[in-house]
Every structure is written in structure tokens, then in C-alpha cells.
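Please find below a colleague's note on the model, arranged as numbered points. The note should be read alongside the sequence and the coordinates.

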Amino acid sequence: MSEKKVFDYLIVGSGLAGSVLAFELDQRRKRVLLIGNKQNHSSVIAAGLFNPITGKVLSKTWQAEEIFSQLQRFYSHAEREMGQKFFYPMPIYRPFLSVEEQNEWMGKSASPDWAIFIEKIYTKSGGWYGVKDLLGGLLLKQTGFLNTNVFMEAIRNYFVEKQQFQEHTLAYDKLSITTNSIVYGEYQSEKIIFCEGTNTFQNPYFNWLPIRPLKGETLTVQSNLPENVIVNRGIYAVPLEKGIFKLGATYETKDLSQAITIKGLEELKEKFKEIISLPYNVVNQEWGFRPTTPDRRPIIGEHPEYNNVIVCNGLGTKGVSLAPFVSNLLAEFLVKGIRLSTYDAVDVSRYYSLYWKAVNKR
Ligand SMILES: Cc1cc2nc3c(=O)[nH]c(=O)nc-3n(C[C@H](O)[C@H](O)[C@H](O)COP(=O)(O)OP(=O)(O)OC[C@H]3O[C@@H](n4cnc5c(N)ncnc54)[C@H](O)[C@@H]3O)c2cc1C
């Protein structure tokens with residue numbers, strides 16, 4: 001029998017979840033093999049925004065303080081290690097639509113809970129070129145964007161150089177899993193970690209998970225918008241490079257066609273017009289599926305029957321901010337056996353009943 005190449009972990013999927021987790025484990029001196037392909041890549045489409053205050057009624061993200069300080073640390077460290085720029089801390093500006101809204105935010109900014117994320121409140125136009133904000137707006141901090149494609153390419157190159165990356169679609173029927181080892185072709189490892197995004201429905205070990213695709217479309221446009229701020233009100237404009245912006249995104253649960261749509265294009269154009277008065281040219285339109293969960297929390301942890309088969313998924317609409325957070329939780333658990341206090345809230349065990357239901361039906 002030929003000798004196996006031995007790793008601590010095989011990681012399947014090199015989107016944000018797999019890339020961040022692979023680097024996190026690598027930094028803890030674990031030997032990982034990252035297996036990835038370029039199909040159905042939500043992370044490639046993502047505008048990469050991170051923002052602790054989101055939603056229609058603007059609420060603070062769950063565990064925002066921890067998540068946002070963690071992501072700053074993680075991506076800054078990764079930039080230094082890779083010698084590449086992909087992390088762009090930058091304020092987000094949200095124009096007000098009413099005086100009531102102005103007042104509400106003046107009130108909120110007095111509370112220390114909110115103040116840590118508020119840079120400034122404008123009660124009249126902030127003077128951002130081309131932005132419709134007669135009533136002023138809210139300037140947020142601890143915000144910005146990750147250039148996801150540059151980041152994932154950097155991670156890929158990092159592991160290629162170490163001969164720890166395989167461009168490959170893992171074939172589940174070629175995987176041999178026993179209680180103490182994982183064997184896949186010439187590779188052997190202690191554990192396997194699946195980070196497959198919405199493709200998880202094809203995985204016989206985790207196809208019972210309630211990961212639902214939430215389709216989104218984005219536009220890439222040329223325009224003269226401000227490049228030192230991200231304008232965000234119903235639509236965001238992320239300054240990807242000089243004169244080039246990513247606009248997004250739509251949220252579609254019904255039409256799950258794997259294609260861009262006229263409806264998506266019109267919706268984004270309409271929303272852009274509401275907050276920006278500048279001309280622009282559309283240079284690209286893209287679509288992707290966000291891997292969402294019913295309780296909007298990520299899913300990490302062990303398979304109900306095999307404790308060496310692990311999942312890291314369900315990053316939903318917030319992959320950039322959640323990936324470092326869940327990777328740290330998972331790495332602490334895998335490497336040190338420690339369940340940090342927030343682990344239980346994202347533990348896959350909350351869905352084990354779905355697994356047993358599926359098993360009993362067979
Ligand atoms: C339009 C849009 C805009 C978004 N904007 C933002 C944003 O601004 N900020 C933000 O934080 N998030 C955003 N998101 C959400 C973000 O993209 C996701 O949360 C995140 O990318 C999910 O990452 P993932 O690695 O779990 O999944 P994916 O990116 O889907 O990666 C999974 C990877 O695993 C691979 N894979 C699956 N099965 C196998 C197999 N058998 N073998 C090998 N590889 C396999 C897939 O091909 C894929 O490459 C957006 C999403 C969309 C669609």
C-alpha cells in the first residue's frame with residue numbers, strides 16, 4: 001500500500017469559511033489540507049462589507065463587540081503574514097430619511113453600547129459628493145470591507161506554496177471515515193471539516209442541515225462616488241478600486257434561478273437612484289447563494305455520530321465578520337478541547353433532532 005500524506009485536518013471548501021478556518025488552524029501550528037473548487041462561490045460575489053449595525057430597523061449584530069474586534073485582529077494579522085492588502089476599514093455613511101430618525105440616533109449615540117460604533121451624527125448634509133442626504137446621516141465606525149477575492153487568492157497561494165492546497169471537488173463516495181481516521185485517496189487525517197456553503201445538500205454527512213440558499217445579486221459600476229466612505233441605505237456602494245464600486249445586494253428567497261436577472265438589475269438601479277445623484281456605467285452583474293439558517297446563527301461542530309466529521313457553515317449574510325469569530329470558536333474546541341461561552345449558541349447539536357428524524361425515515 002502506498003504511503004499516505006498525513007494531515008491534522010482536511011478542509012473541504014475554500015470560500016470564506018474554509019479559507020479563514022484553514023489559516024486559523026495553520027496559525028495554531030496544525031497541518032491542514034485545503035480542498036477547494038470554484039463552483040457556486042458565494043464568497044466570490046460578496047461585496048465584503050462588515051457592519052455591526054444592520055437590518056431594516058438597524059439593530060446591533062449579535063455579539064457585535066467580540067465579533068468586530070476579532071475580525072480586525074484576524075484580517076490585519078493575515079495581511080501582515082501574506083504581505084498583501086485586502087482589508088479596508090472605512091466608515092459607513094447612512095443618510096437619514098426623516099427628522100425622527102435623526103432624533104432617534106442622537107438619543108442612541110448617548111448610550112455607550114451604541115457609541116462604540118458611531119463616529120458622528122450629521123444633522124445636515126455631510127457633504128459627501130453625489131450623496132442625497134439633506135437631513136444628514138449616521139457615520140458608523142468599526143466598519144469597512146474585505147476584498148474577498150484578493151483575500152481568498154492570498155490564502156490559496158499561501159497553502160499552495162506549502163503544498164497544502166488541492167484544486168479539486170471532493171467525491172463523497174471516495175471518502176473513508178472510521179472512528180479514528182479519515183482517508184481520502186492519498187490523504188489521511190484525524191478529522192475532516194466541511195465548509196461547503198449551500199452545496200452542503202450534496203454532502204451525505206450533513207445534507208440534513210437546514211442551510212437555505214438566499215439568492216443575492218450585485219452590480220459592479222464605474223462612477224465618481226466618494227472613495228473614502230461606504231454609502232449604505234437600502235443599497236451599498238463599496239469602493240473596490242479607483243472609480244469602481246460594487247453595489248448590492250438583492251435578497252431573493254423565491255426565484256432561485258442560477259442566473260442574473262433583469263429584476264435584480266432594475267431593483268439595484270432604482271435603489272441607487274434614491275441615494276446617489278451621480279451617473280454610472282454598469283460593467284458587471286453577478287449572483288450568488290448565501291448559506292442561511294433558520295435562526296440566523298452559523299453552524300459549527302461535530303456530526304451526531306462521528307466526532308471526527310466537523311461542519312462550519314451557515315455564515316448567511318455576514319460571512320466576512322462571522323468567519324473569524326466561528327473559526328476561533330472551532331479552533332479552540334478542536335485544538336484545546338475548550339468550548340468558549342458563545343460556542344453553544346452556534347453548536348450544530350441544536351439541529352441534531354433533524355439528523356435522527358432523517359435516519360429514522362430511511
Ligand atoms: C450577493 C451577495 C452579497 C454578499 N455580500 C456580503 C457582504 O457584503 N458581507 C458579508 O459579510 N457577506 C456577504 N455575503 C455573504 C457571504 O458571501 C457568505 O456569508 C460567505 O461567502 C459564505 O462563505 P462559505 O465559505 O460558507 O460559502 P461559499 O462561499 O459558497 O464557499 C463554499 C465553497 O465550497 C466549495 N465546495 C462545496 N462542495 C465542495 C466539494 N465537495 N469539494 C470541494 N469544494 C466544495 C464550493 O464550490 C465553494 O467554493 C454576500 C453574499 C451574496 C450572495
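1. Basis. The model is predicted, so that local features need pLDDT of at least 70 and side-chain atom pairs count only at pLDDT 80 or more, while totals for chains, interfaces and linings use all residues. Residues are numbered from 1 along each chain as its sequence is written, and side-chain values use heavy atoms, with hydrogens and water left out.

2. Aromatic pairs. Rings of Phe, Tyr and Trp (its six-membered ring) are taken to pair if their centres lie within 6.5 Å; planes under 30 degrees apart count as stacked, over 60 as edge-to-face and the rest as tilted. By this rule there are 27 aromatic pairs. One of them joins Y122 and W128, whose ring centres are 6.5 Å apart and whose planes stand at 75°, so this pair is edge-to-face. Burial is judged by relative accessible area (buried under 20%, exposed over 50%, partly exposed in between; 1.4 Å probe, protein chains only). Y122 is buried at 15%, and W128 is buried at 16%.

3. A tilted pair between helices. F333 and Y343 form a tilted pair, with 5.0 Å from centre to centre and 45° between the planes. Helices (H or I, at least four residues) and strands (E, at least two) are DSSP runs, numbered from the N terminus. F333 belongs to helix α8 (residues 319-336) and Y343 to helix α9 (residues 343-346), so the pair ties together parts that are ten residues apart in sequence. Both F333 and Y343 are buried.

4. Ring cluster and charges over rings. A cluster linked by ring pairs consists of F23, F50, F74, Y75, F86, F87, F151, Y158 and F159. A charge is said to sit over a ring if NZ of Lys or CZ of Arg is within 6 Å of the ring centre and within 35 degrees of the ring normal. K85 is placed over the face of Y88, 4.8 Å from the ring centre. R297 is placed over the face of W62, at 4.2 Å from the ring centre.

5. Packing of α3 and α6. Two packed helices are described by the angle between their axes and the distance between the axes. Axes are lines fitted to C-alpha atoms, for helices over the stretch in contact, and angles run from 0 to 180 degrees between N-to-C directions. The axes of α3 (residues 64-82) and α6 (residues 148-161) come within 11 Å and cross at roughly 50°. Contact (heavy atoms within 4.5 Å) is made by F74, Y75, A78 and M82 of α3 and by F151, A154, I155 and Y158 of α6.

6. Packing against α8. The axes of α3 and α8 come within 8 Å and cross at roughly 90°, which means that α3 is roughly perpendicular to α8. Residues of α3 in this contact include F74 and Y75, both of which are also members of the ring cluster. The axes of α1 and α8 come within 9 Å, with a crossing at roughly 45°; α1 and α8 are therefore oblique to each other. The crossing of α1 and α8 is right-handed. Among the residues that meet there are L16, A17 and V20 in α1 and G319, V320 and A323 in α8.

7. Most residues other than glycine have a negative phi, and most peptide bonds are trans. G248 and A249 are joined by a cis peptide bond, with omega about -15°; A249 is in the loop between β18 (244-248) and α7 (262-275). R29, which is not a glycine, has a positive phi of about 65°. R29 is in the loop between α1 (16-27) and β2 (32-36) and is exposed at 77% relative accessibility.

8. The loop between β19 and β20. R296 is found in this loop, and its phi is also positive, near 60°. R296 is exposed, at 77% relative accessibility. D295 lies in the loop between β19 (280-292) and β20 (299-302) and is partly exposed, with a relative accessible area of 33%. Leaving aside neighbours within four places in sequence, D295 is in contact with R350 and Y351.

Terms used: Parallel < 35°, antiparallel > 145°, perpendicular 65-115°, else oblique. Left-handed = near helix turned anticlockwise from the far one by under 90°.
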